[in-house]
Amino acid sequence: MKMGWDLRTGHERCLTAWNKSDDPSPGDFSRGIELHVNSELVMRKGSQEYYKAGPYNGQRFSGTEISRPNPVAVTIFVFNEKEVYMSYCLKNKSLISRVFLNQTDYTTQRFIWSEDTQTWNLYSYMPRDFCDTYGCCGAYSYCDNTQLPPCQCLEGFEPKSPSKWSSMDWSQGCVRKKPLNYQQGDGFIQYQNLKLPDVAHSWMSRSMNLKECQNKCLQNCS
């Protein structure tokens, strides 16, 4: 099964949950490929983005928690002038697997059939935790489930509304403590093991190296 876009016709293939367990009409929970320069897997509640898996890095969607090779399936991602799509290919052809969009708790679940017990066993699901929810901490912040509170401002930023932040409302995010000044040494700080921010409005160069990319970005202080 392909999930994605035919760029020649504009046709989209996506998954949509049932409205209810006994009502097969389309619900408001969907899963598909968001079409832009760094296309990625997205889940939505209606038109609202609920989960993003991050751009594909050649092995997996970069924002997914699973960093080890998948022993069950291989993810195939194709991005060319004709189509953009993802699909799964089971490594063991004897396995039976299905993907289920759960309208009740807004998760995507993968099940594998057990011949021994004659039941469907849950293998994986997403979102996996609070930090997987798209935009849960607001602008210029990051989410870390090992910290309390899980939402933290990036270095050089502070809560936009300290009173709301202290009451566990992080929706307004963070703001800069002082304006950027690249002439005085402001630049980039490296963060590891974080999901990339929204890349829907970013651009990509296939010819630049990292140093050239850094210099280009430093020319734009916005």
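I call a residue buried under 20% relative accessible area, exposed over 50% and partly exposed in between, with a 1.4 Å probe and protein chains only. I am reading a predicted model, in which local features need pLDDT of at least 70, side-chain atom pairs count only at pLDDT 80 or more, and totals for chains, interfaces and linings use all residues. Residues are numbered from 1 along each chain as its sequence is written, and side-chain values use heavy atoms, with hydrogens and water left out.

Entry: disulfides. I count a disulfide when two cysteine sulfur atoms lie within 2.5 Å. I searched the whole structure and found 3 disulfides. In sequence order, the bonded cysteines of the protein chain pair as 1-3, 2-4, 5-6.

I looked up Cys131 and Cys143, whose sulfurs are 2.0 Å apart in a disulfide. Cys131 lies in the loop between β11 (119-126) and β12 (141-143) and Cys143 in strand β12, so this pair ties together parts 12 residues apart in sequence. Strands here are DSSP runs of E, at least two residues long, numbered from the N terminus. The S-S torsion of Cys131 and Cys143 is about -70 degrees, so the disulfide is left-handed.

Next I took Cys137 and Cys151, a disulfide with sulfur atoms 1.9 Å apart. Cys137 is buried at 4% relative accessible area, and Cys151 is buried at 1%.

Then I checked Cys153, which a disulfide joins to Cys174 (S to S 2.1 Å). Cys153 sits in strand β13 and Cys174 in strand β15 (residues 174-176), so the pair ties together parts 21 residues apart in sequence. Cys174 is buried, with a relative accessible area of 2%.

Cys136 is in no disulfide; the nearest cysteine sulfur, that of Cys137, is 3.9 Å away. Cys136 counts as buried at 17% relative accessibility, while Cys14 is partly exposed at 38%.

Entry: sheet. I treat two strands as paired if DSSP finds at least two bridges between them. I noted an open sheet of 4 strands in the order β3-β4-β5-β6, with antiparallel pairing. β3 (15-20) and β6 (48-55) are at the edges with a single partner strand each, so one side of each has no neighbour in the sheet. Strands β4 (residues 23-34) and β5 (residues 40-45) pair over 6 bridges. Ser30 stands opposite Arg44 in β5.
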